[in-house]
Amino acid sequence: MNWITARNALSAAAVLAAVATASAQNAPQGVSPAPPTVTPPAITLAVPGFWDPRRRPERPDLSRITVIRFLTETDYPPFNYAGPDGMPAGFNIDLARLICEEIKVQCTIQMRRFDTLVAGLNSNAGDAVIASMAETPDMRKQVDFSDPYYRTPARFVSRKGVEIDEVRPETLEGKRIAVVAGTAHEAYLKTLFTEAELHPYPNEDAARAALKKGEVELLFGDGISLAFWLNGTDSAGCCEFRGGIYMESRFFGEGVGIAVRRGNDLMRQAFNWALFRLWEKGRFTDLWLRYFPISPY
């Protein structure tokens, strides 16, 4: 994971202007004041990245690619969703378009239900799936993946004001924790937080509602979708992250990549090259910060 520093340019400019004015007023007659030295405030944010600048992917023969037909899912905001006009929108959609710009090819993007994406790819209804699909051993038996472009951490969330100083298996003994039934998050809690009181819910909305109502003390789930919820209006400012991130690959995968048909090395290598270039140019970081001004990491 790469750490970036974002600077508040407007605030810095205001400070510089004020210091410059004061210096000019106090300087001796006929002597130019020394330029002020001001360090603008910095905000450190975590931006996911799996690229090593010392290991540049080779540029494949991109002339062999004339069009890329992306498949994506319909409802996983902020990554994939239908915009007001019904067209595909979200982080993955914008990333796909940046990739197409980098490779300099035309692209189409078709939305489908998530559970039909792999079948659509393998039946040649598309060339690639960009839908926040985790790279797991089971998925690698069905498709090949590009290099990961982010990982999805698991996080705990509690209501504000709840006194939970530390989040560890021993400190959560007897605590009521909401989790979506049948997920890797439930399996993780059953394996490591064995003394907690698990409350499985059928979906994310039900689990979040239980937390807001105080039926449970904590919620454990996908950190990125939880960050989107916490920063939005649906949470009504009720809750906040507790503890750190959980990224054990055995439960939460080895990262999210772009899926291609098994053996389609040209397309996979083209994505690896384009993703590296976008990261190297800072365009991936700009895109991430546009969607996640408050980091889920």
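Lys190 is exposed, with a relative accessible area of 52%; on the scale used here, buried means under 20% relative accessible area, exposed over 50%, and partly exposed in between, with a 1.4 Å probe and protein chains only. Its partner in a salt bridge is Glu186, with 3.5 Å between the closest N and O atoms. By salt bridge I mean a side-chain nitrogen of Lys or Arg within 4 Å of a carboxyl oxygen of Asp or Glu. Glu186, by contrast, is buried at 9% relative accessible area. Both residues belong to helix α5 (residues 184-192) and stand 4 residues apart, about one turn of the helix. Helices here are DSSP runs of H or I with at least four residues, strands are runs of E with at least two, and both are numbered from the N terminus.

A word on the source. This is a predicted model, in which local features need pLDDT of at least 70 and side-chain atom pairs count only at pLDDT 80 or more, while totals for chains, interfaces and linings use all residues. Residues are numbered from 1 along each chain as its sequence is written, and side-chain values use heavy atoms, leaving out hydrogens and water.

How many salt bridges does a search of the whole structure find? The search finds 21. One of them joins the side chains of Lys281 and Glu102, at 2.9 Å from N to O. This pair links distant parts of the chain, 179 residues apart: Lys281 sits in the loop between α9 (265-280) and α10 (283-291), and Glu102 in helix α2 (residues 91-103). Lys281 is partly exposed at 46% relative accessible area, whereas Glu102 is buried at 6%.

A further salt bridge connects Arg268 with Asp265, their closest N and O atoms being 3.4 Å apart. The two are 3 residues apart in helix α9, which is about one helical turn. Arg268 is partly exposed, at 22%, and Asp265 is also partly exposed, at 36%. Elsewhere, salt bridges with shared partners join Arg69, Asp127 and Arg261 into one network.

A polar atom of the Glu217 side chain lies 2.9 Å from the backbone nitrogen of Arg176. Leaving aside residues up to four places away in sequence, Glu217 touches several residues, among them Val157, Ile164, Lys175 and Leu211, where contact means heavy atoms within 4.5 Å.

Notes: A polar contact is a pair of N or O atoms within 3.5 Å; within protein, one must be able to donate a hydrogen and the other to accept it, and residues adjacent in sequence count only if both atoms are side-chain atoms.
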